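Hi,

Here is the structure I promised to pass on.

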Amino acid sequence: MFLAKAFSTTAFSGALVLSTVGSAQAVNLISNGDFEAVDISGNYTTYNSTNVPDGFGWSISDDFVYLVNSFWSGVSGTTNPDDFDQSLELRPNVNLSQSFDTQIGRTYELSFFYAHDFSNAQGRALGHFDIVGTGSLLSETLLHDIPSTQADLNFLQYTEQFVADSESTTLTFSGDPSNGLHGFVIDGVLISEVYQDATNSIPEPSSVTGLLGLIGFGFRALQRKRSC
Ligand SMILES: [Ca+2]
Ligand SMILES: [Ca+2]
């Protein structure tokens with residue numbers, strides 16, 4: 001369901017062609033960002049640092065996570081062999097992390113869906129994430145407090161960009177002790193490089209206006225020359 005944003009138009013006679021710019025290509029640098037890589041059956045299962053299965057892709061420390069299968073539906077738009085869209089719930093003190101290759105100075109986009117466990121009596125949950133290279137590149141605390149039911153957790157999507165400052169960058173999600181037993185849920189974690197094509201950049205409206213003004217000036221100059 002992740003579609004690259006694209007914009008393309010032809011201004012006039014092929015002289016000015018605007019094409020894809022600044023689009024986040026859907027090549028995910030995160031492994032198992034949709035939490036479908038390990039197919040589980042039943043409502044859910046739990047993983048901690050000692051029983052993370054091969055292929056899960058994420059490191060887990062300090063607490064455990066729930067990998068949710070049929071108890072509710074995730075929203076990554078992907079499913080595994082038993083046809084459920086799996087998602088992940090963070091326990092209060094857990095850290096869930098994954099490192100990925102980056103190039104210094106390049107821009108990347110992080111997006112993911114988040115919600116709270118409908119069983120949370122407070123009707124809310126906090127979640128944290130950090131993206132760290134040599135320094136901290138992006139860090140947020142998110143609150144999900146809109147209605148959540150078992151039929152629909154009402155996932156929201158977070159999207160933001162960051163610039164890498166090292167060749168390896170680490171994304172870490174953390175729960176929050178105030179959530180209690182029923183916490184923050186994530187799915188569809190995507191990090192992709194944002195490609196800026198300088199040769200196809202879209203002119204600002206003022207630039208277009210200026211360009212059209214120059215064309216108009218040239219046309220009027222040509223008319224004056226012919227009338228002389
Ligand atoms: Ca499954
Ligand atoms: Ca999923």
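Predicted model: local features only at pLDDT ≥ 70, side-chain atom pairs only at ≥ 80, totals over all residues.

Two terms before the notes: two strands pair if DSSP finds at least two bridges between them, and strands are DSSP runs of E with at least two residues, numbered from the N terminus. With that in hand, β10 (residues 125–132) pairs with β11 in the antiparallel sense, over 8 bridges.

Residues are numbered from 1 along each chain as its sequence is written, while chains are lettered from A and ligands numbered from 1 in the order in which they are written.

Back to the strands. β10 and β11 belong to an open sheet of 5 strands, in the order β5-β8-β13-β10-β11, with antiparallel pairing. β5 (59–61) and β11 (136–144) are the edge strands, each pairing on one side only.

Now the loop between β3 (23–24) and β4 (44–47), where you'll find Asn 32. Phe 35 sits in the loop between β3 and β4 too. Most residues other than glycine have a negative phi. Asn 32, however, has a positive phi near 55°, and Phe 35 has a positive one near 60°.

Are these two buried or partly exposed? Going by C-beta atoms placed from the backbone, buried means 20 or more others within 10 Å, exposed 12 or fewer, and partly exposed in between. Asn 32 has 17 within 10 Å, so Asn 32 is partly exposed. Phe 35 counts as buried because it has 26 such neighbours inside 10 Å.

Cheers

Definitions and conventions
Helix = DSSP H or I, 4+ residues; strand = E, 2+ residues; numbered from the N terminus.
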